[in-house]
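Grab a pencil and open the viewer. Here are a few exercises, each followed by a worked solution.

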Amino acid sequence: MANYYSDHPEIAFHLDHPLMKRIVELKERNYADAATYADAPIDYEDAIENYKRILDITGDVAANILEPNSESVDLEGPHLENGRMIYASKTFENIDATRKAGLHGVSMPRRYGGLNLPNVTFSMLSEVISAADAGFQNIWSLQSCIDTLYEFGSEEQRQKYIPRVCAGETMSMDLTEPDAGSDLQRVMLKATFDEKENCWRLNGVKRFITNGDSDIHLVLARSEEGTRDGRGLSMFIYDKRDGGVDVRHIEHKLGIHGSPTCELTYKNAKAELCGSTRLGLIKYVMALMNGARLGIAAQSVGVEQEAYNEGLKYAKDRAQFGQKIINFPAVYDMLSRMKAKLDAGRSLLYQTARYVDIYKALEDIQRDTKSLTPEERQELKKYTRLADAFTPLAKGMNSEYANQNAYDAISIHGGSGFIMEYKSQRLFRDARIFSIYEGTTQLQVVAASRYITNGTYLNIIREMQDNEVSADMQPLKERVAAMTEKYAEVLAEVKAEDNAEKTDFLLRRLYEMTADIIMSLLILDDASRAPELFAKSANVYVRHAEAECAAHYAFIKNFKADDLDAYRA
């Protein structure tokens with residue numbers, strides 16, 4: 001019987017990482033919950049086994065319910081009835097299956113009915129579900145919006161809303177508007193305080209809202225009259241039970257058909273303030289978006305895996321010119337690069353998730369105890385910086401790799417890949433949005449830019465190069481060291497020229513060099529610890545990265561400020 005988790009031992013490998021002991025230690029706080037909750041672990045080994053059991057359950061649900069339903073969901077999609085969004089019929093089955101499997105509220109503390117899982121495990125669950133149906137992963141993974149309410153809401157709000165999400169109620173984040181897409185400072189949905197009812201009222205329109213008719217919404221709205229920038233925005237909680245929000249339109253999209261994308265009208269809708277006024281965009285949305293971007297990275301890795309699976313299966317079965325096409329160099333070259341990108345991208349995803357776990361757990365301890373030791377404060381600072389630096393790499397590169405792998409899966413299928421009966425076309429359609437929503441790849445480059453130009457990434461790379469690798473991987477490590485010197489050289493030259501427009505123009509190439517080198521070092525570490533899983537991918541990925549970096553190096557070295565004229569519209 002298929003299982004989307006156990007069929008891929010590369011996932012479980014990432015639970016056996018040196019940082020996992022610190023993550024579990026912080027998350028479980030000396031395993032105090034074991035005295036109160038029957039499902040709480042008693043030690044580190046028990047915690048890891050618990051994660052594996054939940055992943056195995058998810059892998060079973062994904063392979064035997066979500067994936068078989070995915071084509072029907074794609075064909076039917078959600079529809080609109082009397083101002084309400086109605087899921088595709090099989091989506092209701094999917095939601096019911098994940099609820100019965102206990103796969104909701106996974107990141108929340110047990111005292112609210114959650115599973116208290118770390119982010120790295122949540123990311124693994126997201127990957128597995130996305131491999132089965134990327135559109136449904138959107139609906140399921142939006143439960144992570146509750147993290148923002150948990151971090152910034154009151155205890156009364158926690159008690160009111162978190163148990164509902166843990167029981168399987170759905171969530172959405174209502175941010176964008178017709179005139180405010182990536183530029184959220186332009187949000188104008190109006191929030192006014194109702195003195196008589198002692199509540200806030202929301203009026204306006206939201207657009208492109210994923211799962212927009214959910215049970216509980218986090219809403220970005222303008223609470224400060226007369227303002228027009230981010231300082232006038234606050235975060236609100238809207239409960240569908242209170243009414244006041246209708247679905248005006250459901251978008252007809254290229255892909256992820258099971259994931260409803262709604263236009264909403266707010267008409268005097270009752271809402272609660274989450275946190276403090278004026279911090280909606282500056283603080284709360286930034287936290288919300290970072291979590292969402294890691295979710296898209298996991299969604300992307302799931303599709304990378306499924307695209308590779310489909311390409312490999314077809315290449316093994318399809319015969320041309322008297323032999324299986326998997327024996328043709330052009331085909332096995334394509335498949336090897338797909339697998340290398342998948343393995344390197346997955347390693348980047350889970351390294352990022354581990355960094356997030358450590359700083360989030362320390363922040364949680366700080367909220368509860370009001371203090372950290374000096375060592376813990378330093379640890380918090382370190383991992384916050386690493387998580388902030390790695391998140392735009394993980395989201396940007398994996399979303400691009402998902403598109404590339406889905407494209408290549410169609411190429412391997414040939415003409416059949418263009419036929420709707422084959423899954424590869426759906427993966428291709430689904431993947432296209434990954435590099436657009438929750439911040440385009442171009443915006444991920446912008447988010448990473450300060451870490452590129454101030455040398456943070458270069459310092460991280462130098463530190464990573466101090467890690468030992470196996471003897472078999474040492475020649476590849478030396479090649480990565482040569483790539484790093486080229487990167488350092490062109491980075492220094494760009495900074496020395498001090499031309500803002502030229503720097504901005506070249507940032508995408510520097511970003512890709514950064515990611516290529518970091519992922520090369522990560523896959524070398526993986527291959528040193530588990531050569532049976534990753535040695536081939538390490539060899540292929542480093543060569544891929546080497547070629548990419550050489551091309552970017554040559555472009556940057558030969559690019560003059562005057563050359564910008566040739567690119568301007």
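How many nonpolar, polar and charged residues does the lining of the largest cavity have, by class?

Before you start, note that this is a predicted model, where local features need pLDDT of at least 70, side-chain atom pairs count only at pLDDT 80 or more, and totals for chains, interfaces and linings use all residues. Residues are numbered from 1 along each chain as its sequence is written, and side-chain values use heavy atoms, with hydrogens and water left out.

**Exercise 1: the largest cavity**

Task: work out the answer to that opening question.

Solution. 
- Step 1: get the term clear. On a 1 Å grid over the protein atoms alone, a cavity is a set of points where a 1.4 Å probe fits but cannot get out, and lining residues have an atom within 4 Å of a point.
- Step 2: find the lining. Met464, Gln465, Asn467, Val469, Lys477, Leu521, Leu524 and Asp525 line the largest cavity. Helix H14 (456-465) and helix H16 (500-529) are the elements that give two or more residues to this lining, and H16 gives the most, with three. Helices here are DSSP runs of H or I with at least four residues, strands are runs of E with at least two, and both are numbered from the N terminus.
- Step 3: sort by class. Ala, Val, Leu, Ile, Met, Phe, Trp, Tyr, Cys and Pro count as nonpolar, Asp, Glu, Lys and Arg as charged, and the others, Gly among them, as polar. That gives four nonpolar, two polar and two charged residues.

**Exercise 2: strand E7**

Solution. 
- Step 1: check burial, where buried means under 20% relative accessible area, exposed over 50% and partly exposed in between (1.4 Å probe, protein chains only).
- Step 2: look at the side chains. In a regular strand they alternate between the two faces of the sheet. Here Leu233, Met235, Ile237 and Asp239 point one way, while Ser234, Phe236 and Tyr238 point the other way.
- Step 3: find the partners; two strands pair if DSSP finds at least two bridges between them. Strand E6 (residues 216-222) runs antiparallel to E7 over seven bridges, and strand E9 (residues 261-274) is joined to E7 by three bridges, also antiparallel.

**Exercise 3: a hairpin**

Task: what do E4 and E5 form, and how many residues are between them?

Solution. 
- Step 1: strand E4 (residues 190-194) pairs with strand E5 (residues 199-210) in the antiparallel sense over five bridges. Ala191, for one, sits opposite Leu202 in E5.
- Step 2: the two strands form a hairpin with four residues between them, and Asn198 in the turn has a positive phi of about 55°.
- Step 3: follow E5 onward. Eight bridges join E5 to E9, antiparallel, with Gly204 and Tyr266 as bridge partners.

Conventions
1 Å grid on protein atoms, 1.4 Å probe; cavity = no way out; pocket = protein on both sides within 12 Å on 5 of 7 lines; lining within 4 Å.
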